[in-house]
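Here is a briefing on a predicted model. Keep the sequence and the 3D view open while reading.

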Amino acid sequence: MSLWTLALTLAFVVAAMLVSLWQRLGLEKDMVVATIRATVQLLVIGYVLKFVFHMDNFALTAAMVALMTCVAADNAGRRGRGLAGRFWRPFAAIAAAEVLAQGFLLAVHVIPGRPSYIIPISGMIIGNSMVACGLFLNRLRDEARTRNAEVWALLALGANPKQASRAVVKAATKASMIPTIDSAKTMGLVQLPGMMTGQIIAGADPIQAVRYQLLIVFAIIASAAITSIVLGFLTYPRLFNRFWQLVV
Amino acid sequence: MPHAPAVKPEPSPWAIEFRDAGRVLTSEDGPKSILTEVSGRLARGRVLTLIGPSGAGKSTLLSLCNLLQTPDVGEVFVWGREVRSWPLAELRRRVGLVMQQPVMLPGTVADNLAVPSRLHGRPQADGHRLLQQVGLDPSILQRPAEELSGGQKQRVALARTLANEPDILLVDEGTSALDRESAGVIERHVRCLVTSRCLTVVWVTHDLEQARRVGDETWLIDNGRVVEQGTTEAFFEAPQTEAAKRFLRTAERGQAGAGRR
């Protein structure tokens, strides 16, 4: 696709802005900003990827994946509102998912160890883990609040924090995995996943595209589970103070 | 696991001792004292009844004893050891609390009664016997605990606490949902444990007759302070303080009123 044909697609944005002006939605400014940001960010990442793919250097690829993990952990930490700490707990949970899932794919040679495979697949694993983290943290707090009486009753019987929060952590883990599982259930029926669509448009055989998509589906189900379980282990103690009293 | 805390000699003859214990809650309106300078002690095998108006701090005082709340001021000793230096699982197993609102855990009555032994890795308690002791028919063992009536839940909660074989029992309005007869069963069973196992009991109640029946000692708490403490007999026969006399007079009028209605 040439830059000229890409520029023609800006007509969509212009149309949307006209609707906004006509209906006085006041969204024109946001649209301009969003369009510029999307364009700049994606063009930059395109050149960065081109460079990284070209270098084909393991350390550089690893650094890129680490950077993606950091950004995801920072974002997930914001949603945790203090429960997970600012950064390192989501980082550990997302990194564990990425290392295990990606490590497995590389170890059994499902994908070649090249940045053009590792980076996009990591992006999907890390992105999905980030969403799982956010859901888990939100849900953990809510569950601890709604099941507050049950947790106190267990503490009064002498339960330690792990025993007292077991049901709460379990419910939060389940809740954080449901979107991943649900989207796997309807995959291909409701929507064609983005990566598969992209591959097909770029001229790949749909059967090959489906095989790669399945790989991703399996990898993200596993990574959502790993993320939630690791995060559960790291965050349940923070529901309690040192005298084993529930503090949320 | 061998285990017999009830006969193990304790380093202190005092089951519970408060030394200027206080509790302060910080809300939007600033700090508010819930309990102020509570001092007093209770010997092993004695039953203390705590009475006083609603919101006086009775429940808070109970939860200081097993550290479900932390004393902000002063100290609370259990068997001569400050509560904060106890291993928490052991403290809460040995100082059992029956809460005002009974909370049933998921599952059947039998599941609920099995929780304490599971938590502490001890041999399974006999559900039949535990239910009989609190006056419940063992046939309810397999019923979902959530389906029980308020009074049944209260008794299951007590049985569940007793499954831990505590040597101090804290009861917070433990019979408020029960009729006189069922409450009597509970009172007799607890007194029986006091005699047979030298159980120490702190019992919060609104029912002055109950406070009189089960107590060896009685403390009146008002507005976060212990205003009178003494033997139950002395408290009801010859209250010393003006506050206690006033409280008893008001309570008597209330009960007479309730009787006429």
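Thr49(B) stands opposite Thr218(B) in S9(B). In this predicted model, local features need pLDDT of at least 70, side-chain atom pairs count only at pLDDT 80 or more, and totals for chains, interfaces and linings use all residues. Residues are numbered from 1 along each chain as its sequence is written, chains are lettered from A and ligands numbered from 1 in written order, and side-chain values use heavy atoms, without hydrogens and water.

**Sheet in chain B**
- Strand S3 (residues 47-51) and strand S9 (residues 217-222) of chain B pair in the parallel sense over four bridges; pairing takes at least two DSSP bridges.
- Helices (H or I, at least four residues) and strands (E, at least two) are DSSP runs, numbered from the N terminus.
- The open sheet has six strands in the order S6-S7-S8-S3-S9-S10 (chain B), with mixed pairing.
- S6 (95-98) and S10 (225-231) of chain B are the edges; each has a single partner strand, so one side of each lacks a neighbour in the sheet.

**Helix on the sheet**
- Helix H6 (residues 180-197) of chain B packs on the sheet and touches S3, S7 and S8 (200-204) of chain B; contact means heavy atoms within 4.5 Å.

**Helix H9 of chain A**
- H9(A) (residues 166-186) bends by about 35° at Ile178(A), and Pro179(A) follows within four residues. The bend is the angle between axes fitted to the seven residues ending there and the seven starting there.
- Gly188(A), with a positive phi near 90°, follows H9(A).

Key
Axes are lines fitted to C-alpha atoms, for helices over the stretch in contact, and angles run from 0 to 180 degrees between N-to-C directions.
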